[in-house]
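Reader: Hi! I'm new to this one. Could you walk me through it?
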Amino acid sequence: MTGDRPTGKLHLGHFVGSLQRRVLLQDAGGYEKMFVFMADVQALTDNADNPEKIRQNIVEVALDYLAAGLDPDKCILFIQSQIPELAELTTYLMNLVSVARVQRNPTVKTEIKMRNFESNIPLGFFCYPVSQAADIALFKTTVVPAGEDQEPMLEQTRELVRRFNQTYSEVLVEPEILLPEKATSRRLPGTDGKEKMSKSLGNCIYLSDTAEEVWQKIRSMYTDPGHLAVSDPGKVEGNAVFTYLDAFCTDSDFTRYLPEYGNLEELKEHYRKGGLGDMKCKKFLNAVINDILEPMRLRRREFEQDIPEIFNILRKGTAKARETAASTMCEVRHAMRIDYFDDSELIRQLSEKYGDR
Ligand code: TRP
């Protein structure tokens, strides 16, 4: 199980970080069930005053999922806020972690800094790691395909699951994170070379960008500022074009577009030595990325023709997700002994206590 905050369209960072892997996992069919969801509740934790943004982006993210190849017959797509059991489990998990522990979560720390909350952190935002732990635990998730920024969330989830199981009984399951295989895919830099591709930094290539938009972005991409003339030796490290090539290109792309090089190592070697221009590398990257995005654009256009059907898919997925959610919550309430109305033992005990006087 995994998901995304519906705060905007998905970009290449989402694709290499997790989306690509999800489609592979889905098609390999190695898991009993697979859930992918739109984390609108989490998105609202720092967008409480702008629910319209989330409302509009639910369908954008759904279209990106479907365009990337997620198939509602193989994978349960749902909307977080429509599963009330998530809120319920969150409430109980909150009792099993300290404020200090949440404060130490490095992802939350950086996000608080990035958003300039200072001392005005919304409590809901502060608690979102617990809510995320509930997302994961409610489905008895074993594997979460996600980027490395989600690692602290997974650690926190495992701690909460252990704590729940120790305190009550073994109901919840400790999940593992499944990181992208290639190190360069774990955190894709922006087209400006900054650490991370992120909507708020305006350095994204979106999965739904047109071929022309993609080329404009790639053409002005950050490379090596010291590589002025083609003949100058260039740096490959920290050069966004090469980082993207690391993440996206395969040897067959060379056969197809740059047969004078056998593989990326040879291209890098030439760049380091000098004599290889940025434009040539950018054109190659553009071709590679376009081969990935073009089939998605076509699929997206098809799905865009029938928006009511997108909502049907989400409605059906949400109903399926709720079945699993309800069943786990029954076990959770039972483990916590708060299933009073089904607790014949409690009723009998108390009847005895008050009965024979
Ligand atoms: N935190 C994730 C993000 O920022 C979204 C998310 C919410 C998530 N709950 C999750 C991811 C559970 C994986 C599993 O995109």
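Author: Happy to! Keep in mind that this is a predicted model. Let's begin with Arg-297, which lies in helix H15, residues 278-304.

Reader: Okay, is Arg-297 buried or exposed?
Author: Arg-297 counts as buried, because its relative accessibility is 7% and buried means under 20%.

Reader: Which side chain does the side chain of Arg-297 make a polar contact with?
Author: That would be the side chain of Glu-294, at 2.6 Å.

Reader: And what is Arg-297 in contact with, leaving aside its neighbours within four places in sequence?
Author: With those set aside, Arg-297 is in contact with Leu-207, Asp-209, Thr-210, Ala-211, Val-214 and Asn-290.

Reader: Nice. Switching topic: in what order do the strands of the open sheet come?
Author: The order is S1-S2-S3, three strands with parallel pairing. Strand S1 (2-4) and strand S3 (76-79) each have a single partner strand, so they stand at the edges and one side of each is left without a neighbour in the sheet.

Reader: What does the twist average from one strand to the next?
Author: It averages 25°.

Reader: How many bridges are there between S2 and S3?
Author: Four bridges, in the parallel sense, with S2 covering residues 35-38. Opposite Met-38 you'll find Ile-79 in S3.

Note on methods: Residues numbered from 1 in each chain as written. Predicted model: local features only at pLDDT ≥ 70, side-chain atom pairs only at ≥ 80, totals over all residues. Heavy atoms only, no water. Pairing = 2+ DSSP bridges. Helix = DSSP H or I, 4+ residues; strand = E, 2+ residues; numbered from the N terminus. Axes fitted to C-alpha atoms, helices over the stretch in contact; angles between N-to-C directions. Buried < 20%, exposed > 50% of the residue type's maximum accessible area, 1.4 Å probe, protein only. Polar contact = N/O pair within 3.5 Å; in protein donor to acceptor, adjacent residues only side chain to side chain. Contact = heavy atoms within 4.5 Å.
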